[in-house]
Structure formats: structure tokens, C-alpha cells
Amino acid sequence: LTMTGKQSVSSVLSACKSQVESQLDKHLPRADSAPQNLHEAMRYAVLNGGKRVRAALVYMTGDALGAPKESCHLPACAVELIHAYSLVHDDLPAMDNDDLRRGKPTCHIAFDEATALLAGDALQTLAFEVLTEAEGDVMGASRARSMIRALALGSGPSGMAGGQAIDLASVGQKISVDELRNMHELKTGALIRASVKLGALASDSINQ
């Protein structure tokens, strides 16, 4: 993954995208297993396109700090699962009420609102389940806990969820530049920062 003079940013991103999508396919439930409708919705939400920028940040940060590629697979998957769950919920009628995502029907349109809500819930919990698998590999339990904490902080009330709450509360309201900046730092920036932190935690170069 290390960028050289012969490699473009797009080629590195493409390599990261291929890696994480292969891993996501392995960790997501099979579409033909029960409850089939839920599992189909989960796979639809995750494997339906996307640039995988957050996963790329995990891989590239880990690579820069000397982490083995294998140590980055789980956190890269986890952050993409969190991102996918957030998009499913953001698209719901109770939030942004979007019919299309990346040019395709949103999850609640392709399935139904209840299934989309459950799919988002399941993707969120699967993200943390995936990180628990790090306890048994070269990273060890302590690093797995640090990763779980980093992802929780980036996606919870002090991160992405908090930013979405501010966004919803500000609809139709005039807000200051500082308030707008804070909203975006939480809604988008927090998970991006968590991606970098996860990549660093995959290496041995920082204290946990």
C-alpha cells in the first residue's frame, strides 16, 4: 500500500477498496441464511458501492506506521460497517428521507423501513463484534479494547451520532460558523479521526 512515485492516489485507494470489500464479504452474514431479508438488507447497504475512504485511512495509516496488512483488516471492516449503518439510518424518513443513495434505491426503499432500521442496528453491532476478533490474533485483547473504544467515541454521542443530532436540530435554523464547524467535526470528522486512530492502533508504534 505504500505510495511510490509510480503510484497514484487513485491506485492506492483502489487497492484499499478491493481489500476491505473482500473482508466485508467474509464478515457479513450470508444472504441465504435466516433471517434472509435482514441479511440481504445488510449486504445491500454495505456492498452497494462507496469509495471506502475510511477503510483506506486505516490501511494507509497502519502501513505508514509499519503495521502488517493483516492487522488492519478488522478495523477497516469495522469502520466501514459503522459508516454503512449511519447511511442507512440517515436515509430513513425520520432523518433525511432520501430515496436514492449512490444512484440506487436506499435501503428502506429497496426493502422497507423496519428492515432498514434493523439492518442499521445489526451493522452497528457487527462492527464491534468484528473488533472483538482481534483478541485472538497478533494484536491481543488490550489493543482490541483500544480499538473498540476509539470506534465507539468516533461514532457515539461525542462523535457521529452527536453531529447528526445537531444537524437535525438545526434544520430551518440559522446557525453560526462555529456551530456549523462543530456539527461537521462531529458528524463527519469524528469517524475520519477514528479511522486514523484505528490504523495507528494496528501498529506497535503508539501506546494503547
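A residue counts as buried under 20% relative accessible area, as exposed over 50%, and as partly exposed in between (1.4 Å probe, protein chains only). This is a predicted model, in which local features need pLDDT of at least 70 and side-chain atom pairs count only at pLDDT 80 or more, while totals for chains, interfaces and linings use all residues. Residues are numbered from 1 along each chain as its sequence is written, and side-chain values use heavy atoms, with hydrogens and water left out.

View 1. Helices (H or I, at least four residues) and strands (E, at least two) are DSSP runs, numbered from the N terminus. Their order from that end is α-α-α-α-β-β-α-α-α-α-α. Of the 208 residues, 44% are buried. The radius of gyration is 17 Å, which agrees with the value near 17 Å for a compact globule with 208 residues; it is taken over C-alpha atoms, and the globule rule is 2.2 Å times the number of residues to the power 0.38. Along its principal axes the C-alpha trace spans about 50 × 45 × 40 Å.

**View 2. The largest nonpolar core, made of 46 residues.** Such a core is a set of buried Ala, Val, Leu, Ile, Met, Phe, Trp, Tyr and Cys residues joined through side-chain atoms within 4.5 Å. L81, L123 and L151 have the most contacts inside this core. At least two core residues come from each of α1 (9-27), α2 (36-46), α3 (53-64), α4 (69-91), α6 (113-132), α7 (140-155) and α9 (177-201). The largest share, 11 residues, is supplied by α4.

**View 3. L81 and its contacts.** Contact means heavy atoms within 4.5 Å. Neighbours within four places in sequence aside, L81 touches L24, L28, V46, L123, L126, A127 and V130. For the protein chain, 68% of contacts between residues at least 6 apart in sequence join residues at least 24 apart.

**View 4. The cis peptide bond from A34 to P35.** Omega of this bond is near -5°. P35 sits in the loop between α1 and α2.

**View 5. N97 and R102, two residues with positive phi.** N97, in the loop between α4 and β1 (100-101), has phi near 55° and is not a glycine. Its relative accessible area is 45%, so N97 is partly exposed. R102 is found in the loop between β1 and β2 (104-105); its phi is about 55°, and R102 is not a glycine either. With a relative accessible area of 39%, R102 is partly exposed.
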